[in-house]
Amino acid sequence: MAMTGENHAANLPDTVSEQAIYWFALLLDGSETEEDRRAFARWLDADPAHLEAFADIERLWSGSTSLNLSTDNKVGRRAFMTGTAAAVVIGAGWVFAPHHPFADIRTATGERHRFSLPGDVEAELASDTVMSYVARDGVNGVELHRGEAWFNHLATGSDFFVAATNGTSWSRGGRLDVAVYDGDVTVIAEQNPLTVRLGSAQTQLAAGNAVRYSDLQIGRPYEVDISTELAWRNGQLVFMGQPLGEVVRVLQRWQNGKIMIIGEELKSRPVTLVVDLERSKDVLPVLASVLSISVHRFTDYLTIIRAA
């Protein structure tokens, strides 16, 4: 029997934060009824702390404060409308993320794909990566819209480039890797040097080094462990003492749904781990036992991690 709004209210967890997560997951799933929404509105009305707790969950989800629910503590229909709007915007933000519908190549979440590019270039795309063929001044290259791609530029002496955000990485032969996540670009020179250009600035990147840039500036090159950074090409993810927040951020690239961590202290907890990408969904239960954390999977879209 489907759970009704009253039943939802009767079965809510004990703490306000757990209740907020419960309602958030229900609205995110999109299976709620009008009665559920009225029950949610009554829950919001019952205590200003409920609205604040729900807004905290929304901020964790969106990574921003775009929905300032806590500024309106009015009850009744206004609160109901606010809650409904939050659910709609949350859903829209998830569904209508940039898809680049006219891109030439893309991989699904969890997928890796190898193929050949014009100009004697081999490429391998990581999970959820989108890329297009482009040309500049008669030189063939690609534009990486999002995700991560590795290239083996076999035609030594000729030019090949990878454009990402406002920058471009130029190769004269050799292996390189470029990743674009949340507007930040990381370029790795695995074999042979690269030239990375951003506006009027440029830097020479020696083999075995990486550099990061954003829309505004390019950082300093730094040495990397190639085998760790590119372990995804061998079906693994390697984390050596990295904060749990960073581990979760990378894991999310390889599986559907969103993972949220409650608590800044927990996000900074160091994790050393090797993940088999074929079994990445088994990682969180293992982490739960090793780190004494609580992992609660509410729906296919939402998993919550918090201190046990």
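A salt bridge here is a side-chain nitrogen of Lys or Arg within 4 Å of a carboxyl oxygen of Asp or Glu. Side chains of opposite charge can pair when their charged atoms come close. Arg 114 sits in strand β2 and Glu 124 in strand β3, ten residues apart, and the pair links distant parts of the chain. Strands (E, at least two residues) and helices (H or I, at least four) are DSSP runs, numbered from the N terminus.

Before going on, a word about the model. It is predicted, so local features need pLDDT of at least 70 and side-chain atom pairs count only at pLDDT 80 or more, while totals for chains, interfaces and linings use all residues. Residues are numbered from 1 along each chain as its sequence is written, and side-chain values use heavy atoms, with hydrogens and water left out. The pLDDT is the predictor's confidence in each residue, from 0 to 100. The chain has a mean pLDDT of 82, and 83% of its residues reach 70 or more. Over residues 64-97, however, the pLDDT is below 50.

Now back to Glu 124, which also meets the side chain of Arg 112 in a salt bridge (3.9 Å, N to O). Because Glu 124 lies in strand β3 (residues 121-125) and Arg 112 in the loop between β1 (105-106) and β2 (113-117), this pair ties together parts that are twelve residues apart in sequence. Are these two partners buried or exposed? Glu 124 is buried, with a relative accessible area of 4%, whereas Arg 112 is partly exposed at 31%. Buried means under 20% relative accessible area, exposed over 50%, and partly exposed in between (1.4 Å probe, protein chains only). Salt bridges link Arg 112, Arg 114, Glu 124 and Arg 233 in a network.

How many salt bridges are there in the whole structure? A search finds nine. Among them is the one between Arg 146 and Asp 128, with the closest N and O atoms 3.0 Å apart. Arg 146 belongs to strand β5 (residues 139-153) and Asp 128 to the loop between β3 and β4 (130-136), 18 residues apart. Asp 128 is partly exposed, with a relative accessible area of 26%.

Methods: Contact = heavy atoms within 4.5 Å.
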